[in-house]
Amino acid sequence: MQVDPRALVEVAVQVGREAGDLVRTMRAAAVPDVDTKSTITDVVTAADRASEQLVRRRLAELRPGEPVIGEEEGGDAVDGLTWVVDPIDGTVNYLYGIPHYSVSIAAQVDGVSVAAAVVEPASGRVWTAFDGGGAWLDGQRLAVSGATRLDVSLLGYGFAYRAERRQRQAETWARMATLLRDIRRAGAASLDLCAVAAGRLDAYAEHALGRWDWAAGALLAREAGAVVFLPGQAPELGADATFAAAPGIADALYAALVEHGFGKV
């Protein structure tokens with residue numbers, strides 16, 4: 001399928017900014033209207049729903065006939081071009097007034113991301129990438145860190161929503177903590193992957209992400225030079241693992257995660 005990834009990025013940025021403006025301005029009204037999904041800790045606000053509805057409406061106007069997969073309203077992966085949307089990535093941060101959240105939009109062709117925009121509503125920063133065109137933050141090209149040693153590397157991670165799995169993950173991270181400079185839990189997978197792209201994190205690993213969580217950020221990490229494994233690509237890390245790391249530490253981190261039980265959580 002022939003696509004123009006630059007044009008897709010432009011659409012993703014335009015729509016992402018509009019959705020970002022919406023969720024930022026409606027936060028005070030949206031926060032009291034909170035439901036839960038898979039567990040009591042897995043929250044969704046009125047702003048999540050409104051943001052996805054706006055994105056779907058605008059994509060239908062700008063790219064008519066192209067299907068959308070969204071966190072709140074679902075959708076199915078199909079052959080050809082599909083848009084993948086997280087209307088608010090980092091909803092718990094949003095709920096608590098922590099400004100580390102995003103609107104994440106990616107275009108995929110046959111399930112592979114080819115264009116992406118991650119918009120930060122609180123700051124206005126816009127992260128973009130397209131296949132073969134590099135990764136960018138507000139016009140500045142990004143590159144992963146030059147890390148070569150685990151013991152001076154900073155790792156981003158995340159927890160699942162279910163308590164029993166969080167316990168197993170905590171045990172693995174406790175074992176990993178002695179091998180690293182430090183670890184960070186920031187609460188928005190798309191932005192963690194962008195942080196790897198910018199060299200703000202040396203690596204990132206997490207389980208149980210939805211396609212909407214990684215579709216945009218993983219493309220940024222890959223285009224910035226990271227070694228990236230998506231769910232299903234690295235069974236030793238677990239069937240639902242996402243992994244992104246600077247090339248200089250990727251093999252060592254992968255091995256350490258396997259040794260310390262990351263693939264069994």
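Guide: Let's start with burial: a residue is buried under 20% relative accessible area, exposed over 50%, and partly exposed in between (1.4 Å probe, protein chains only). Before the cases, note that this is a predicted model, where local features need pLDDT of at least 70, side-chain atom pairs count only at pLDDT 80 or more, and totals for chains, interfaces and linings use all residues. Residues are numbered from 1 along each chain as its sequence is written, and side-chain values use heavy atoms, with hydrogens and water left out.

Visitor: Is R6 buried or exposed?

Guide: R6 is exposed, because its relative accessible area is 55%. You will find R6 in helix α1, residues 5-25; helices are DSSP runs of H or I with at least four residues, strands are runs of E with at least two, and both are numbered from the N terminus. R6 and V114 are 108 residues apart in sequence, yet 9.4 Å apart in space, C-alpha to C-alpha.

Visitor: Now the sheets. In what order do the strands of the open sheet lie?

Guide: Strands of a sheet pair through backbone hydrogen bonds, either parallel or antiparallel. Here two strands count as paired if DSSP finds at least two bridges between them. Five strands make an open sheet, ordered β11-β10-β12-β14-β13, with mixed pairing. Its edge strands are β11 (182-184) and β13 (227-229), each of which pairs on one side only. From one strand to the next, the twist averages 15°.

Visitor: How many bridges join β10 to β12?

Guide: Three bridges join β10 (residues 154-157) to β12 (residues 203-207), and these two strands run parallel. To see the pairing on screen, look at G156, which stands opposite Y204 in β12.

Visitor: Which strands do helices α5 and α6 lie across?

Guide: Contact means heavy atoms within 4.5 Å. Axes are lines fitted to C-alpha atoms, for helices over the stretch in contact, and angles between N-to-C directions run from 0 to 180 degrees. Helix α5 (residues 163-177) lies across β10, β11 and β12, at about 150° to β12. Helix α6 (residues 189-198) lies across β10, β12 and β14 (241-245), at about 155° to β12.

Visitor: Why is α6 described as largely enclosed?

Guide: Nine of the 10 residues of α6 are buried, so the rest of the structure largely encloses this helix. Among the buried ones are L191, L193, C194 and V196. Just after α6, G199 takes a positive phi of about 75°.

Visitor: On to charges. How many salt bridges does a search of the whole structure find?

Guide: Side chains of opposite charge can pair when their charged atoms come close. A salt bridge here is a side-chain nitrogen of Lys or Arg within 4 Å of a carboxyl oxygen of Asp or Glu. The search finds 11. One of them joins R58 to E18, with the closest N and O atoms 2.7 Å apart. This pair links distant parts of the chain, with R58 in helix α3 (residues 46-62) and E18 in helix α1, 40 residues apart. R58 is buried, at 16% relative accessible area, while E18 is partly exposed, at 26%.

Visitor: Which residue pairs with E120, and which with D151?

Guide: E120 forms a salt bridge with R125, the closest N and O atoms lying 3.0 Å apart. E120 is buried at 5%, whereas R125 is partly exposed at 33%. D151 pairs with R149, and there the closest N and O atoms are 2.7 Å apart. D151 is partly exposed at 41%, and R149 is also partly exposed, at 47%. Salt bridges that share partners also join E18, R58 and E61 into one network.
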